[in-house]
Amino acid sequence: MRLRTGLLALVVAGSPALVGCTSASEQGTACQTGAPSPTAAVSMLLDAATTGDIAAACKVTVKISDDDLRANLAEVNAHVESVGGRDKVTVVDVPDAQVGTLHLVDVLTVGSTEAVHFTVERADGRYLVISPPSTPPDDEETTDPNPRPSPTATETSAS
């Protein structure tokens, strides 16, 4: 999971069937209990990230290892802090972007056009945020599909 020009990628390219939230399980907290709506799931995840509550995050995320969940929460929290705190973001469902059981939820920064996108899955009447391992298998940054080399000093001075 990486911040990519205003996009916090919590999207899985393959199956989200990973390990499981062991810390929360050991505390007797039921993981993957879900939220009543896509926006509630993302709101609960944001709240968990800002407080560092892995058990609360485990309730609204698909199965993922504790280490990956902690890394994802740290990144979400870093983003929230960078925009001025939890009260500076709003959570909005994007119904036109729904594909089957997958929902796109945007986290908008107040007073900005910046949007962070989360993918939320509906399963058995509950909603869970899809969260990838902290190090994706391809580990490549999102790039322009038609990359151009940066201009050289000669090219920029000739312009």
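Tutor: Let's start with Val 107, whose bridge partner in E5 is Val 116. Keep in mind that this is a predicted model, where local features need pLDDT of at least 70, side-chain atom pairs count only at pLDDT 80 or more, and totals for chains, interfaces and linings use all residues. Residues are numbered from 1 along each chain as its sequence is written, and side-chain values use heavy atoms, with hydrogens and water left out.

The labels are DSSP runs numbered from the N terminus: helices are H or I with at least four residues, strands are E with at least two. Two strands count as paired if DSSP finds at least two bridges between them. Strand E4 (residues 102-109) and strand E5 (residues 115-123) run antiparallel, with seven bridges.

On we go to the next hairpin. E5 also pairs with strand E6 (residues 126-129), again antiparallel, over four bridges, and Glu 121 stands opposite Leu 128 in E6. Two residues separate E5 from E6, and Asp 124 in the turn takes a positive phi of about 55°.

Zoom out and you get an open sheet of four strands, in the order E3-E4-E5-E6, with antiparallel pairing. Its edges are strand E3 (89-99) and E6, each pairing on one side only. From one strand to the next the twist averages 35°; axes here are lines fitted to C-alpha atoms (for helices, over the stretch in contact), and angles run from 0 to 180 degrees between N-to-C directions. Helix H2 (residues 38-51) packs on this sheet and touches E3, E4, E5 and E6, its direction making about 140° with that of E3. Contact here means heavy atoms within 4.5 Å.

Back to Val 107, then. Leaving out residues up to four places away in sequence, Val 107 touches Val 42, Leu 46, Val 89, Thr 90, Val 91, Glu 114, Ala 115, Val 116 and Phe 118. The largest nonpolar core has 28 residues, and Val 107 is among those with the most contacts inside it, along with Val 42, Leu 46 and Phe 118. Such a core is a set of buried Ala, Val, Leu, Ile, Met, Phe, Trp, Tyr and Cys residues joined through side-chain atoms within 4.5 Å. Buried means under 20% relative accessible area, exposed over 50%, and partly exposed in between, using a 1.4 Å probe and protein chains only. H2, H3, H4, E3, E4, E5 and E6 each give two or more residues to this core, and H2 has the largest share, seven residues. In soluble globular proteins, nonpolar side chains tend to be buried together.

One more contributor deserves a glance: helix H4 (residues 66-82). Its 17 residues reach 24 Å from first C-alpha to last, close to the expected 24 Å, which is 1.5 Å times one less than the number of residues. The buried residues of H4 include Leu 69, Leu 73, Val 76 and Val 80, but also Asp 66 and Glu 75. Just after H4, Gly 84 has a positive phi of about 110°.
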